Number of protein chains: 2
Amino acid sequence: MDKIQKLKNRIDTVVSLTDEELSMFSKAFVLKKISKNDFFLKEGQIANFIGLLNQGVLIYFKSMDNGDEITTDFAFEGDWVTAIQSRLSNSPSLINIKAIENSELLVIKQQDLSDIYIKIPKIERLGRILMEQAYLKMVEQNIDFQVFSAKDRYERLLKKHPQIFQRVQLYHIANYLGIDPKSLSRIRKQIFD
Amino acid sequence: MDKIQKLKNRIDTVVSLTDEELSMFSKAFVLKKISKNDFFLKEGQIANFIGLLNQGVLIYFKSMDNGDEITTDFAFEGDWVTAIQSRLSNSPSLINIKAIENSELLVIKQQDLSDIYIKIPKIERLGRILMEQAYLKMVEQNIDFQVFSAKDRYERLLKKHPQIFQRVQLYHIANYLGIDPKSLSRIRKQIFD
DNA sequence: TTTATTTGGTAACAAATGTGGAGCAAATGA
DNA sequence: TCATTTGCTCCACATTTGTTACCAAATAAA
């Protein structure tokens, strides 16, 4: 499947572009390969780009003052990838984005995207909608923590991303759930009994 | 203090407007009074406005399927108030916003705001920056839940909003912290011993 | 290959949090 | 005034989660 088709699949759910618009849009994207354990973005860098994940798995994490790292999110095939805070404010990123499999992304620079906003307003609409979705996801994630137990959160994650357990190590998942890997182990044992 | 001055105080930290711009901007705001326990926005309504809280305290909460209500945020004097998801997407709000004291807000309609964006681009910048801050706040809130214990979250809240404990009932705070009011009571006892 | 290192798992104990019951003081209403 | 409700605290007990230590399997490195 070529670049244009992959973009089209991902965009069609939100806005529909003519072949010409799609072609112009896709020209601005560059293929980027990232090896396992390499960074797509490091804390302190400015995220002046957006990526569409073609292949692989990425994790978002933040380094805390005490040296701990906390996993805030994952990205799978089809997900848009960027550090929203950094991109919006054009300021250094507070988070890291790292590949935990060999991965491939289609990447567009923020500047090129801004240019396209002017030429194809529908793309600006796409941008706004993706931003909204990102915000809503954050709100939902928050409520998850507020009202659900660790076990419930695990089961909800299981339902939402069944693939995650084949591709992401358990300590990353525990970290994401905000619990100790041992606690996760216990929860898993309990469920599969 | 008049309307213009209140707006100016709140905006100055982000963008600086000329007297003329400020005057034009402030004309679009209308004063709205809300009695204790009345709603600024109900679930299902569309938030086609933004408010600046002059006086009072509001809480944001979401009704869950099982009938529970969970407090997701508070607003105090000087805070901008709206349902971001609803306003951005012009769709029904998923949350409620209610006054827990007699309150007063300066309210601007989304349509008027959009008109002003065109006349005063600096205001659009203000809008973008406030959106960013809201997003960042959400991210921080998330990390709070992920890494801190209930006790730590209580102490962080105490540090961030010392006024909250004089003005918001403890069961609202417990709800916001994601714990049982009894647990909060115990934590408080523990701290003040 | 052999040897470290990483990863996932178990068990035992400690600490934190939830649950249900009870009491008390302040606010509210008849 | 008196009764009721509401918000808060405390107690005892159950459940959940964290901590530490240890082991086995998988993986990486030599």
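Where in chain B is the place of B:N90? B:N90 lies in the loop between α3 (84–89) and β7 (96–99) of chain B, where helices (H or I, at least four residues) and strands (E, at least two) are DSSP runs numbered from the N terminus. Although B:N90 is not a glycine, its phi is positive, at about 55 degrees, and with a relative accessible area of 52% the residue is exposed, a term that stands for over 50% relative accessible area, while buried means under 20% and partly exposed lies in between (1.4 Å probe, protein chains only).

This is a predicted model, in which local features need pLDDT of at least 70 and side-chain atom pairs count only at pLDDT 80 or more, whereas totals for chains, interfaces and linings use all residues. Residues are numbered from 1 along each chain as its sequence is written, chains are lettered from A and ligands numbered from 1 in the order in which they are written, and side-chain values use heavy atoms, with hydrogens and water left out.

In chain A, A:N90 is found in the loop between α3 (84–89) and β7 (96–99), has a positive phi of about 55 degrees without being a glycine, and is exposed at a relative accessible area of 52%. Elsewhere in chain A, A:Q166 sits in helix α7 (residues 164–167) and, at 66% relative accessibility, counts as exposed. The C-alpha atoms of A:Q166 and A:S89, 77 residues apart along the chain, are separated by 35 Å.

Turning to the chain as a whole, chain A has nine helices and eight strands. Its radius of gyration is 18 Å, close to the 16 Å that the globule rule gives for 193 residues, so chain A is as compact as a globular protein of that length; the radius is taken over C-alpha atoms, and the rule is 2.2 Å times the number of residues to the power 0.38. Of the 193 residues of chain A, 46% count as buried.
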